[in-house]
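Let's take a friendly walk through this structure together. Please have the sequence and the 3D view open as you read.

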Amino acid sequence: MAYADIQMLMGKLKQLIYSNDIPVINNPSILSERPQFQHLYEELGFMIQILFNHEDQDLHSFEKVRKLKKRFKVAAEEAEGIVDIFLTTVHCRNNGYFPRSDVFHPSLHLEVVMRSIESIKIEFMTINIDNMKMDSSLRTDRLQSAGTSHTRNSRGSKKLLEKVIVGFNRDAEIIRDKLVEDGKKLDVVSIVGMGGIGKTTLANKVFTDPFVVHHFYVRGWVTVSQIFDKRDLLIQVLTSIDDQLELEKATDYQLRAMLHKSLMGKRYMIVIDDIWSKEAWDKLKLFFPDDNTGSRILLTSRLTEVASHAKSHGLIHHLQHLTEEESWKLLCEKVFQGNECPKWLIAPGMQIAKNCYGLPLSVVVMAGVLAKEPRRKDIWLKISCSVHSYIASDEKGCLETIALSYHHLPFHLKDCFLYLGGFLEDSQIYSPLLICLWMAEGFIQENGSRSLEEIAKGYLMDLVDRNLLIVEKWYISGDVELCKVHDLVRQLCVEKGKEERFFLKIDWPPSNHHCEIITTHKQRRVFTNQEIDIMTLSHPPTPSIRSFLCYHRKTTLTDNISKFCSSFALLRVLSLQKCILIDFPPGLALLVHLRFLEIWLSLFPPSICNLWNLQTLVVRTSSSSMVLPSNISNLVNLRHLASNTNLYLPSIGKPMKLEVITNVVLGNGVDNFQKCFPGIKDLTSILYSDEENDFEVLRYLQVLMLVGSGYSRRRSVEPELLRGEQNLGKNHIIRFPETLKVLTLVRCGLPWSNMTIIQSLPNLEFLVIKDNGFEGTLWETGEGQFQQLKALRLEELNIKTWEVSSINFPHLERLEVSNCIDLEEIPLELGDISTLEFIVVLNCGASLLESLHKIRHEQDDAGNYELKIKVDGRNIPSCVPNHEH
């Protein structure tokens, strides 16, 4: 059990003690046990205070305290299991279901676990802190020992890539041009990318480039790795500059003096390869003088934050994966050494290259495999089906190279990272759903006043910055919408997940071996894309599975879960995203510990509202709309409610604590959102013409999407559920809250004159207008300002003329125009916005394209080469003065 898990247990106990408005809790059998819940809550709180929040942070490094913390987590997990089984027993009996009496008890038995917690408390209180201090040299030795192992693996993998030269030509040109450009101050250029992608190879390509060799008088190379020694680094860089120097007997001070003398007054370039921390850079930068000679440092790292720390405004070049064509070319060069590939090997060979997923290290490994095999089509075909196995078993550690990134992760990110291995291969992961899963699993640790969702977004971006997650699509706000995992990284997640018993992954029909794993180790998470016999998962004497995520379409699985509820009574996460159900299985309503439920339904049954622990509910359906039950407000912990259809909200008895809701439709008798969701932060709603739409009262609303007329193109709300018409009149008034940061308007048909209301919003940063969100051929921006707007997207509008001044958008950073085929030009004045970084256009007319070229020319003449303009995925290049090479 992680610390975040204990926090969630504390929250559950708090509700059991104090909440009187939850029908499931408001039961005599549960109320009678409140003294026990109170005692457990107080004891856990005290232990958390002394073990996790002790003022002396050095205490955490002591072996005895670490063991006590581990024992305490086990005891807390046992306590949670006892509480959850008791709650399940009471709930099941109230619904006429009597599970096994030897496992499910109608009374709460916490005596044993409370004695364990008391024992841990006493041991902690009697520890003599002064006698626990660990010899610091022992810690250092351990770190250096671990570091030696990592360094050896890292350098070994680099040798594998030393001669890789395919691809990188354009990358090398970009970096070379940046290194040799005018500018006397010492500058830092960074290459960032995942392990094995070829950062070192690219750096070496630039390092040995003839023009770079000619341009810099001194060139040096130092490899840092995870654990480093300053003396070793000094010797490395001095040796690379002059291998005739006698260095072994020199003191550290003498080494620094020699390096300073070698670099001072000369234009030098130093490659700092494989740097892992900001602290390492802060120590290294002191070695390199800045004496206005135009010197450069080329840095490679897996971590974007390290590159940003080294030079926040310098070039950070994110190295992309090889294309399939480049992978195939590299494979051919390594296997055939410049000779032609036989025709009969081209098809299987290209498949092998494709299965390397653009990672040069993988291509090189497979080239080594193929070089040892006969050049026969049947053999190559067989190898093409087992690329992952060859890479995983490579003696030089292809997977281990990537695993260095995993070993370097802080503790709070490791579970989040391993969880990615449960998703289907090559699947795009919807990040808001991933974040909800992380929260339901208990991976997100509370931190001050920030919400768990904000903290989880930080975790996600940390994995992106560490090049362990690939962003497929961004929201205009800069948050990740879709992401995926490189296939080798996913394989690492699976391998480490199995090794650490983090989950059971069933990608084939289960065997007795799977059953044995679950029985023996009380497997807590199960991922499967197969139709499985659920009986094999129901053998443990007590329920242990906490998460079950199924990507299979068959429905028998859910029927069986209902029949064998006792084996799944403690489920926190149930994702049945592809299991299309006609009716809601009654047994699922007994799973009162669910925090995350994703399910296909035709109707929304009131029994779902018994699942009082639910934090996230995702309902998918083939129906044109779905009516929410009147007892929906019983879901007191629900924060996210999402659906692929319109959710008709009837009058509810009490306000809900929802923070995110999609596609909601207010029904008759429902006055406004404020009464239903006073704390809503993210809302998608349909506009009506028969009344004012007042969102101003929503004091916490930050993200708003309004959908108007035309929403019925794909799916509509049943006519009897709607009030008034969806077509908005010209005098229609919408009131927005000042807290709003992101606004999307779809098919609202508003007149451009109404834009003045939006212009005045003080905190609006991101605006999307799509599919006639505003209607009319002329947008005259006037004199008003968008005070904080950073990004604007116009999509599928009938606008022809846009009159605007640069002062209307004083902070605009990004402009996107998509499928506005009648728009005649992008106003030239927009190019004068000092903050503007990107103009992105898709599917435009000839006159608009001409206006973009004019903007490009005007900005080049003004020396603004930083503005990027892209049309249909291709850059309009700036006329940056070229250097002679």
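Two aromatic rings of Phe, Tyr or Trp (for Trp, its six-membered ring) count as a pair if their centres lie within 6.5 Å; planes under 30 degrees apart are called stacked, over 60 edge-to-face, and the rest tilted. By that rule, Y419, F423, F443, F502, F503 and F527 are linked by ring pairs into a cluster. Before going further, note that this is a predicted model, in which local features need pLDDT of at least 70 and side-chain atom pairs count only at pLDDT 80 or more, while totals for chains, interfaces and linings use all residues. Residues are numbered from 1 along each chain as its sequence is written, and side-chain values use heavy atoms, with hydrogens and water left out.

The structure holds 19 aromatic pairs. Take F443 and F502: their ring centres are 6.0 Å apart and their planes are at 35 degrees, so this pair is tilted. F443 lies in the loop between α21 (431-441) and α22 (452-465), and F502 in the loop between α23 (487-499) and β9 (504-506), so the pair ties together parts that are 59 residues apart in sequence. Helices (H or I, at least four residues) and strands (E, at least two) are DSSP runs, numbered from the N terminus. Both F443 and F502 are buried, where buried means under 20% relative accessible area, exposed means over 50%, and partly exposed lies in between (1.4 Å probe, protein chains only).

A charge sits over a ring if NZ of Lys or CZ of Arg is within 6 Å of the ring centre and within 35 degrees of the ring normal. Likewise, the charged end of R814 sits over the ring of F838, 5.1 Å from the ring centre.

Now for a sheet. Three strands form an open sheet in the order β6-β8-β7, with antiparallel pairing; two strands pair if DSSP finds at least two bridges between them. β6 (429-430) and β7 (470-474) stand at the edges, each with a single partner strand, so one side of each is left without a neighbour in the sheet. Four bridges join β7 to β8 (residues 480-484), and W474 stands opposite V480 in β8.

Finally, turn to P289, in the loop between α12 (278-284) and β4 (296-301). At 10% relative accessibility, P289 counts as buried. Leaving aside neighbours within four places in sequence, P289 is in contact (heavy atoms within 4.5 Å) with L186, H260, L263, M264 and Y268.
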